[in-house]
Amino acid sequence: MEVIDGQWYMGGLDWDDEGCIHSSDELLSVIDRVGFIPLFENVIPGFSVENMTCLSYWWSGDADVDPWEWRGVLARTGKVAYGKFFGNKTGFISKKWFPYFVNYRRSGYDFDALYDDGKAGYREKLLMDLFIPSGVDIWDVKVSALPSLGLSSELYTHEMKEKAGFGKGGEKNFEGVLTKLQMQTYLTVKDFKPRQNKKGEEYGWE
Amino acid sequence: MTPPEYIWGYKHVTGRYKESPEESLNAIVKQIRKHFDCDENTLKKFLK
């Protein structure tokens, strides 16, 4: 994706191009083969979902052919990780290659150790505390026991923002802190759902 | 959002902790260069 004179321009292929990906299943195969793929065009020629798909179907809303919809389709499979992993921008990483990113980005630190060593801020901790019980190492967490502790194994971003006290009159820079935790591989996207306003009308995604 | 450990388990997610971060980065760079034409330095900057 490129911005020229304030307008966004996307690259991509023709639907009939030999290298064009036509479905989420095809994209999953490519992610499995390559290991990782950013969503949008970047400094590496060809290395993005944008570069491998047909522009005409982006944001069409048809999950069979719309790469924007495939983010949720694939995140829900649990076969790949989706999140802000590439220069604060989104992309996919296969299950096989995720541990390599984890070790590179975390330098071998679980989050509690990172915080204890003064290498993570309290705002990051506010968000991670929504998922990991106080005083429990993450390898020792029983996911099924989280609800009884008032915690969840997964949360939508608006829930995280509210529960951790970000927003009006509260902590600042929710998006920045959340992006940092994804770049460090401590959090990943599990699902998407459309946001609703007070009238129950859908707008945007989270 | 969720910690990846809750999807794939702690053992899998942290399975490369035994090697240095540099070794993991080099493996990622090597894998990308199998499929895309890009010099090592550009890739390492991109992956920071």
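This is a predicted model: local features need pLDDT of at least 70, side-chain atom pairs count only at pLDDT 80 or more; totals for chains, interfaces and linings use all residues.
## Domain layout

The domain assignment divides chain A into domain 1, covering residues 2-100, and domain 2, covering residues 107-198. Taken over C-alpha atoms, the centres of domain 1 and domain 2 of chain A lie 26 Å apart.

## Extent of the interface

The size of an interface is often expressed as the accessible area that is lost when the parts come together. For domain 1 and domain 2 of chain A, the buried area is about 1000 Å². Carbon and sulfur atoms contribute 58% of this area.

In terms of residues, 13 from domain 1 of chain A are in contact with 11 from domain 2 of chain A.

## Polar and charged links

One salt bridge is found across the interface of domain 1 and domain 2 of chain A. A salt bridge joins the side chains of Arg76(A) and Asp191(A), with an N to O distance of 2.5 Å. Five residue pairs, both members at pLDDT 80 or more, are in polar contact across the interface of the two domains of chain A.

## The domain 1 side

On the side of domain 1 of chain A that touches domain 2, the elements giving two or more residues are helix H3 (67-77) and strand S4 (80-86) of chain A. The largest share of this side comes from S4(A), which supplies six residues.

By residue class, the side of domain 1 of chain A that touches domain 2 consists of six nonpolar, four polar and three charged residues.

Conventions:
Residues are numbered from 1 along each chain as its sequence is written. Chains are lettered from A and ligands numbered from 1 in the order in which they are written. Side-chain values use heavy atoms; hydrogens and water are left out. Domain bounds come from an automatic or database domain assignment. Contact means heavy atoms within 4.5 Å. Buried area is the accessible area (1.4 Å probe) that two parts lose on being put together, summed over both. A salt bridge is a side-chain nitrogen of Lys or Arg within 4 Å of a carboxyl oxygen of Asp or Glu. A polar contact is a pair of N or O atoms within 3.5 Å; within protein, one must be able to donate a hydrogen and the other to accept it, and residues adjacent in sequence count only if both atoms are side-chain atoms. Helices (H or I, at least four residues) and strands (E, at least two) are DSSP runs, numbered from the N terminus. Ala, Val, Leu, Ile, Met, Phe, Trp, Tyr, Cys and Pro count as nonpolar, Asp, Glu, Lys and Arg as charged, and the others, Gly among them, as polar.
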